[in-house]
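Please have a look at the sequence and the structure first.

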Amino acid sequence: VSRLMDLIVNSLYSNKDVFLRELISNASDALDKLRFLSVTDPRLLTDAVDLDIRIQADKDNGIITITDSGIGMTREELVDCLGTIAQSGTAKFLKALKESKDAGTDSNLIGQFGVGFYSAFLVAERVEVSTKSPKSDKQYVWEGEANSSSYTIREETDPAKLIPRGTRLTLYLKHDDKGYAHPERIQKLVKNYSLFVFPIYTWQEKGYTKEVEVDEDPAEASKGEQDGKTEKKKKTKTVVERYWDWELTNETQPIWLRNPKEVTTEDYNEFYKNTFNEYLEPLASSHFTTEGEVEFRSILYVPSIAPTGKDDIVNPKTKNIRLYVKRVFISDDFDGELFPRYLSFIKGVVDSNDLPLNVSREILQESRIVRIMRKRLVRKAFDMILGITMSEDKDDYVKFWENFGKHIKLGCIEDRENHKRIAPLLRFFSSQSEEDMISLDEYVENMKAEQKDIYYIAADSVASARNTPFLEKLIEKDIEVLFLVDPIDEVAIQNLKSYKEKNFVDISKEDLDLGDKNEEKEKEIKQEFGQTCDWIKKRLGDRVASVQVSNRLSTSPCVLASGKFGWSANMERLMKAQTVGDPSSLEFMRSRRVFEINPEHPIIKTLNAVCKSNPNDEEALRAIDLLYDTALISSGFTQQVNPTSYVPETVEAEVVEPTEAGSKK
C-alpha cells in the first residue's frame with residue numbers, strides 16, 4: 001500500500017498545484033450527489049445549509065481547511081472510499097444510477113478514477129477528514145499520513161468541531177509546501193482550475209477606513225491656552241481597520257453553458273478579456289455545441305492583433321486553448337493536438353464531458369475522439385474567419401489579413417485537407433489592383449472568357465512585379481496577373497495548385513501559353529530567327545539552356561525565363577538568403593534558364609541582320625553579353641560577378657627621396 005501511495009503521490013502528477021483542483025472536484029461531486037438525491041428525498045436538505053465550498057488557509061501554521069456542505073460519508077463509506085485506493089465513489093454512484101430505472105444521469109459529476117483524494121499528500125504530511133452524512137447520527141474523523149500504510153477512523157467528540165452536514169478536510173502541509181497556505185495563493189489556484197463549479201468562498205483579509213480621534217499634542221494645547229482661545233477642535237485621522245471574512249472567489253455559471261441567444265456580445269468580449277488577459281476586443285467569436293460521437297461545448301475567438309515575441313508563427317505550443325472537462329480546468333498546454341500550427345492564433349475554451357484523460361487528468365491521450373474534436377474545431381474556426389470576410393466593415397478583414405495572413409498561407413503548405421476552406425480566404429495584389437488586395441474569387445470573376453488559367457508573378461515588391469518584362473503581353477491583352485510579394489506566397493500557391501478547376505501558372509516560366517498560338521506565323525519566325533538563336537546560344541554557352549523566340553514580349557528586346565521544374569528567379573533569391581542554406585542544393589535546384597528574344601524589337605532585328613552578314617562582329621557579340629546581363633536583372637535574377645574577369649592594372653611604385661625637415665626642396 002505504501003509503495004502504491006508513493007507511486008500516486010510522486011509519479012502521477014507533474015504539478016503540485018492540482019491538489020486543490022482534485023479536492024475541490026471531490027467537494028463539488030459531494031454537493032452534486034446531495035442535490036441529485038434530494039430530488040427524491042427532500043429530508044436530506046432539512047439542515048438548510050447552503051450548497052457551497054469554503055476554504056480557509058492558516059499561513060502561520062501551514063494548515064488548509066476545505067469544507068463542503070455536500071452529502072458527507074458514513075463510517076462504511078469512509079472505509080470504502082478513502083481506505084481503498086482507486087475506488088471512485090462517484091463512478092460507483094453513476095453506475096448505480098445507470099442501473100436504476102430512473103436513469104437520469106447527472107453528467108456534472110467529475111470523479112472518475114478514485115485517486116484524486118490522495119493528491120492531498122502531494123503537499124500535506126497529514127490529512128484529517130471530518131465528515132457527517134444525513135444517513136448517520138454520528139460524525140466521523142478519518143486520519144492518514146503521507147508515509148504510512150495505515151489510517152485511523154474515530155468518532156468526533158469535540159462539540160466545537162461538529163458540522164451539520166458535509167465534509168471538512170484539514171491538510172497539515174509539509175515544511176517545503178507551507179507557501180500554499182497563503183490566502184492569495186489559494187484564490188489564484190481556485191480562479192485557474194475551479195472557476196465554474198459550486199460557489200467557493202475563501203477566507204480573506206479585508207479592510208475599511210474610518211476616522212478616529214487623536215490626543216492633542218501637549219505643546220500645542222498650552223500654546224492655545226496662552227493665545228486665550230476658548231474653542232477647542234477635536235483632531236481626527238484616517239486609519240484602516242483590518243478584519244477577516246468570507247469572499248466569493250468564483251462565478252458558478254460558465255458562459256459556454258448558457259444559451260447563445262441569451263449571451264450578449266459584451267458578455268463574450270468581457271469573458272475573452274478576463275480569460276486571456278487581453279485589452280483589445282476580439283475580431284470575431286463563435287459559440288457552439290457539438291453532438292454525436294463527441295459532445296463538447298466551445299467558444300472560439302479571433303484576436304485583434306497577432307502575438308509578439310515567443311508566440312511566433314513557428315511556435316505551435318501556445319496557451320490559447322483552455323480545455324475543461326466537466327467545467328474543471330485541465331490544461332492549456334497543447335502541442336498541436338486541438339489546432340494545427342497555422343491556426344495556433346485562435347483562442348478559446350473547450351469543455352467536454354467524455355474526453356480520454358489519463359489518471360492525473362493533466363494529459364489528453366491521442367485518440368480518435370481527439371481527432372474528431374480537432375476536425376470540428378478547425379471547421380468552426382474557418383466558418384468564423386469566413387464570417388469576417390462577409391462583415392459589412394471591410395476593414396475588419398484587412399486588419400485580420402495584416403495580422404494573420406501569413407498563418408493562413410502556411411495552411412496552404414501544411415493542410416492539404418482544408419485547401420478548399422483556405423483558398424477563399426487568401427488575398428493578393430494584382431496588376432489591376434496594386435493598392436487593395438483581391439481574393440481569388442474576385443480574380444476568377446474578372447477573368448477573360450477565353451482565359452483558362454490564373455496567372456501570377458513572384459517578386460520582392462509590387463514595384464518590381466509591375467516593371468517585370470514578363471507582364472508586357474498580358475497587360476496588352478488586359479489579362480490580370482497576381483503579384484506574390486510575400487516570401488511565403490510562391491510556396492503557398494504552388495501547394496494549392498489550382499482554384500475552381502483553374503491552374504495557377506507562373507508567367508516567368510518557359511512555355512507560357514496565352515491561348516493565342518498561330519502555328520504558321522510561329523513557323524515563319526522560327527525559320528527567320530533560327531540561325532540567330534543558335535548564334536546567341538553559342539555566345540552565351542552554358543549560361544543558358546536554350547535560346548527561343550518569345551511570345552510574351554512587346555517592348556523589351558529579351559527576357560530570361562525559368563525552366564518548368566526548377567526554382568523561379570524569386571525563389572532562387574530567397575534560397576540564397578537563407579542563413580543555413582545548403583550551397584550544393586542551390587546548384588541542384590537552380591532551374592535551367594531560357595533566353596527568349598523579341599523578334600519585333602529593333603535590337604533583335606539588327607542582331608539578326610549582323611548574324612547573317614558578319615557573325616564574328618565583336619560589337620554584336622558584346623551586345624549579346626550586355627543583353628544577357630540586362631535580362632538577368634530585369635527578370636529578377638541576381639548578377640554573378642566573375643572574379644577572374646577583373647585584372648588589376650600593374651603600376652610601378654614611385655621612389656621618393658627623403659628630405660630634411662625645414663629644407664626648401
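I will go through the salt bridges pair by pair.

This is a predicted model, in which local features need pLDDT of at least 70 and side-chain atom pairs count only at pLDDT 80 or more, while totals for chains, interfaces and linings use all residues. Residues are numbered from 1 along each chain as its sequence is written, and side-chain values use heavy atoms, with hydrogens and water left out.

With a salt bridge taken as a side-chain nitrogen of Lys or Arg within 4 Å of a carboxyl oxygen of Asp or Glu, the count comes to 25. One of them joins the side chains of Arg185 and Asp17, at 3.9 Å from N to O. Because Arg185 lies in helix α5 and Asp17 in the loop between α1 and α2, this pair ties together parts that are 168 residues apart in sequence; helices here are DSSP runs of H or I with at least four residues, and strands are runs of E with at least two, numbered from the N terminus. Asp17 is buried, at 19% relative accessible area, whereas Arg185 is partly exposed at 33%, where buried means under 20%, exposed over 50%, and partly exposed in between, with a 1.4 Å probe and protein chains only.

Lys206 sits in strand β7 and Glu247 in strand β8, 41 residues apart. Finally, Arg126, Glu128, Glu143 and Arg154 are linked in a network of salt bridges.
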